[in-house]
Amino acid sequence: MTDGRRLRHHTKAVRGTAQNPMPRAEVDEKCYHLMAPILEAKRARALCDAVWNLAALKDVRRLRPLLVA
């Protein structure tokens, strides 16, 4: 710093790693905001919802229309 002080910080586990995981809500928000500019908001939201409910999806082919940019 200009007054001579030195600051130091070491992060052992960055956000989003196995040692410091993000909560589901943060993952969802991050994914949505990364996809929305490309897929448009409605389709990005639908894709996020579909992925979160993947186990209940009866036919994986229903994802295809959501993945096309």
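Visitor: Before we start, which pLDDT do local features need?
Guide: In this predicted model, side-chain atom pairs count only at pLDDT 80 or more, totals for chains, interfaces and linings use all residues, and local features need pLDDT of at least 70. Residues are numbered from 1 along each chain as its sequence is written, and side-chain values use heavy atoms, with hydrogens and water left out.

Visitor: Is Asp28 buried or exposed?
Guide: Asp28 sits in helix α1, residues 24–39; helices are DSSP runs of H or I with at least four residues, numbered from the N terminus. Buried means under 20% relative accessible area, exposed over 50%, and partly exposed in between, using a 1.4 Å probe and protein chains only. Asp28 has a relative accessible area of 16%, so Asp28 is buried.

Visitor: Which side chain makes a polar contact with the side chain of Asp28?
Guide: Setting aside neighbours within four places in sequence, Asp28 is in contact (heavy atoms within 4.5 Å) with Arg45, Cys48 and Trp52. A polar contact is a pair of N or O atoms within 3.5 Å; within protein, one must be able to donate a hydrogen and the other to accept it, and residues adjacent in sequence count only if both atoms are side-chain atoms. At 2.7 Å, the partner of Asp28 is Trp52.

Visitor: What covers the buried residues of α1?
Guide: The buried residues in α1 are Asp28, Tyr32, Ala36 and Leu39. Their cover includes α2 (41–52) and α3 (64–67).

Visitor: How many residues are in the largest nonpolar core?
Guide: A nonpolar core is a set of buried Ala, Val, Leu, Ile, Met, Phe, Trp, Tyr and Cys residues joined through side-chain atoms within 4.5 Å. Here Leu39, Leu47, Ala50, Leu63 and Leu66 make up the largest one, which has 5 residues.

Visitor: Is Arg61 exposed or buried?
Guide: Arg61 meets Asp59 in a salt bridge through their side chains, at 3.1 Å from N to O. Asp59 is partly exposed at 26%. Arg61 has 57% relative accessibility, so Arg61 counts as exposed.

Technical notes:
Helix = DSSP H or I, 4+ residues; strand = E, 2+ residues; numbered from the N terminus. Salt bridge = Lys/Arg side-chain N within 4 Å of Asp/Glu carboxyl O.
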